[in-house]
Amino acid sequence: MVYSMDTSSPSSSLFAAATALLLLLLPALSAADDWQAAHATFYGDETGAETMQGACGYGNLFEQGYGLETAALSVALFNEGWSCGRCYEIRCQGSTACAPGGAPVTVTATNLCPANYSKPNENWCNPPLHHFDLSKPMFLRLVTDFHVGIIPVAYRRVPCVKRGGVRFEMKGNQWWFAVLVFNVAGAGEVKAVAARGSQDGQWVDLSRNWGQIWTSGNSRQVGQGLSFRVVAGDGRSVELDNVVPQGWAFGQSFEGRVQF
């Protein structure tokens, strides 16, 4: 459903501005009391080199816009990869190691913290525990001394804020088409993708292979210019027309003109 209004009068313009401001504030207001308890650790060093790649299918997190503001999720939070791309606000609480002021960090889920069933205890990433394995720079922002190793935290989902449009990296080979969907704002995670080739003009639903890599299971899309329809975890969808030109090569990335 599409709503419209006459904004030619000053009163209408003022109403439109107030409505827009309210819509922006509603998510923050509704999320004010939805903090949940978890724990956090870190992996890697200050460079973040060990956080690259990972179980979501992302590659160089700096080139893809995620940087060091990332986390690996415990098995329960990772949800078999469907949570890849989600954004979380995390704050240290209940520890003498918490940094003064208690300022939170905001991170994107880009990896899995795998379960370890061989240890009798302190298996922080085993289900059903909620745990965040942060990049070291993010952990350092939460604590006074990283040697503490692990801290209790509170966390909540927050809307993702990304620069530019939704992006696509061409994967697969000449016999098997796949695409990585990344830089997704709003809900962050993707629950459905469809592709339309410039030659056949038909929408084809893709299936999630792993992480945020989606595939048609064949080579039908190889060589065609491509449009994509992306459905986010909150049900919102965007169509990105002609985002990939004909003659594309595997490994190339393309940015759409639309964002959530």
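Mentor: Before we start on this predicted model, keep in mind that buried means under 20% relative accessible area.

Trainee: Okay, so are Cys87 and Cys160 buried or exposed?

Mentor: Cys87 is buried, and Cys160 is buried as well; the two form a disulfide, with their sulfur atoms 2.1 Å apart.

Trainee: Where do Cys87 and Cys160 lie?

Mentor: Cys87 lies in strand β3, while Cys160 is in the loop between β6 and β7 (167–173), so the pair ties together parts that are 73 residues apart in sequence.

Trainee: And what about the torsion about the S-S bond there?

Mentor: For Cys87 and Cys160 the torsion is about 120 degrees, so that disulfide is right-handed, whereas Cys56 and Cys84 have a torsion of about -85 degrees, so theirs is left-handed.

Trainee: How many disulfides does the count come to?

Mentor: The count comes to 4 disulfides, and with the bonded cysteines numbered in sequence order the pairing reads 1-2, 3-8, 4-5, 6-7.

Trainee: Switching topic, what do the strands close into?

Mentor: A barrel is closed by 6 strands, in the order β1-β5-β2-β4-β3-β6, with mixed pairing; on average, neighbouring strands of this sheet are turned by 45 degrees against each other, direction ignored.

Trainee: How many bridges join β1 to β6?

Mentor: Strand β1 (residues 36–43) and strand β6 (residues 151–158) run antiparallel and are joined by 5 bridges, and Ala38 stands opposite Val153 in β6.

Trainee: Last one: where does pLDDT stay under 50?

Mentor: That is the case over residues 1–32, for which the model has 9 contacts beyond four places in sequence, although the mean pLDDT of the protein is 89.

Definitions and conventions:
Residues are numbered from 1 along each chain as its sequence is written. This is a predicted model: local features need pLDDT of at least 70, side-chain atom pairs count only at pLDDT 80 or more; totals for chains, interfaces and linings use all residues. Side-chain values use heavy atoms; hydrogens and water are left out. pLDDT is the predictor's confidence in each residue, from 0 to 100. Contact means heavy atoms within 4.5 Å. Two strands pair if DSSP finds at least two bridges between them. Helices (H or I, at least four residues) and strands (E, at least two) are DSSP runs, numbered from the N terminus. Axes are lines fitted to C-alpha atoms, for helices over the stretch in contact, and angles run from 0 to 180 degrees between N-to-C directions. A disulfide is a pair of cysteine sulfur atoms within 2.5 Å. Buried means under 20% relative accessible area, exposed over 50%, partly exposed in between (1.4 Å probe, protein chains only).
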